[in-house]
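Thanks for coming. I will go through one structure today, so please have the sequence and the model open.

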Amino acid sequence: VKHKNEEGGMGIHFYHNASDGGDWIIQNRIQNSEWVSGLLPKRAPLSTFRVITSSTCCLDMETIATPDRSGIKALSCVFRAGREGAATDHDSILFDIDPATGVIGGGTTNAHWYRLGPHEILPGKCPWRSTHGTTHHPDGNIPVTGNTLPNIKGILELVEKGHLDLCPDVPLVGWDVVLSADSEVPICLLEVNLSCNFFRGSFDWGVYLDFVEKSFEKLHPLRVEAQNNGKKFK
């Protein structure tokens, strides 16, 4: 790329694509699908669906010859409805989605997580919590809650297959899924996050806590063994 006000061979920057061994992800621009755009203001960014999947395969990778889908489960789904004029959907309203039905529930934000400075603890400053009380996109009063995400089954199958094929040994994965305007790729995986959060999505606490308990049961003896051998547990 070249700066518009530079000449004589100056102002040129070369970026090497990660797909060819470089450090930069360079790709064609992806546009929101017509359905997604209908829930957003006109100048909204690409707005993704964050789906969290878990893998019990990671608990028995030494003994499982071939991991299968039975060990992979989608736990939650959230629509990150980008704000008007925002560059990305990190500035968004987070609408909870029922993974079983695709019905969109109430929306909330997590902006208070990122407010810094000691003054934010003062009364009337940064709220400690937020509720799922938003039903409309605030930039245009667009109704979102109550709509049904199309092809929720296909979305969950895509992320579960991705977890199985790419990283079955990773306990929890956050997938950023796009419903795109490209008819050839209507559903695509924009990004995989191996250090992820639920973005205020609801999930089955029983399933999650059982998974966490089994994970610690697996890790504890490995840590004790490493300590007894004078090694650093990783």
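**Salt bridges, sheet and surface**

At 24% relative accessibility, Arg 83 counts as partly exposed. Buried here means under 20% relative accessible area, exposed means over 50%, and partly exposed lies in between, with a 1.4 Å probe and protein chains only. This is a predicted model, in which local features need pLDDT of at least 70 and side-chain atom pairs count only at pLDDT 80 or more, while totals for chains, interfaces and linings use all residues. Residues are numbered from 1 along each chain as its sequence is written, and side-chain values use heavy atoms, with hydrogens and water left out.

What does the side chain of Arg 83 meet in a salt bridge? The partner is Asp 139, at 2.7 Å from N to O. A salt bridge, for this talk, is a side-chain nitrogen of Lys or Arg within 4 Å of a carboxyl oxygen of Asp or Glu. This pair links distant parts of the chain, 56 residues apart: Arg 83 is in the loop between E2 and E3, and Asp 139 in the loop between strand E5 (136-137) and E6. Strands are DSSP runs of E with at least two residues, helices are runs of H or I with at least four, and both are numbered from the N terminus. Asp 139, at 18% relative accessibility, counts as buried.

The search of the whole structure gives nine salt bridges. Another one joins the side chains of Asp 176 and Arg 50, at 2.8 Å from N to O. Asp 176 belongs to strand E7 and Arg 50 to strand E1, so this pair ties together parts that are 126 residues apart in sequence. Both residues, Asp 176 and Arg 50, are buried. They also belong to a network of salt bridges that links Arg 50, Arg 80, Asp 89 and Asp 176.

Lys 161 is partly exposed at 46%, and Asp 165 is partly exposed at 47%.

Now the sheet. Six strands form an open antiparallel sheet, in the order E4-E3-E2-E1-E7-E8. Strands count as paired if DSSP finds at least two bridges between them. At the edges are strand E4 (104-108) and E8, each pairing on one side only. From one strand to the next, the twist averages 30°. Strand E2 (residues 72-82) and strand E3 (residues 92-97) pair over six bridges, and Val 78 has Asp 96 in E3 as its bridge partner. H3 packs on this sheet and touches strand E1 (49-55), E2 and strand E7 (172-179), with its direction at about 120° to that of E2. Contact means heavy atoms within 4.5 Å; axes are lines fitted to C-alpha atoms, for helices over the stretch in contact, and angles run from 0 to 180 degrees between N-to-C directions.

Two loop residues other than glycine have positive phi. For Asn 151, phi is near 55°; this residue lies in the loop between strand E6 (142-143) and helix H2 (152-166). For Arg 200, phi is near 70°, and its place is the loop between strand E8 (187-193) and helix H3 (205-228).

Last, the segment after H3. Gly 230 lies there and counts as exposed, at 70% relative accessibility.
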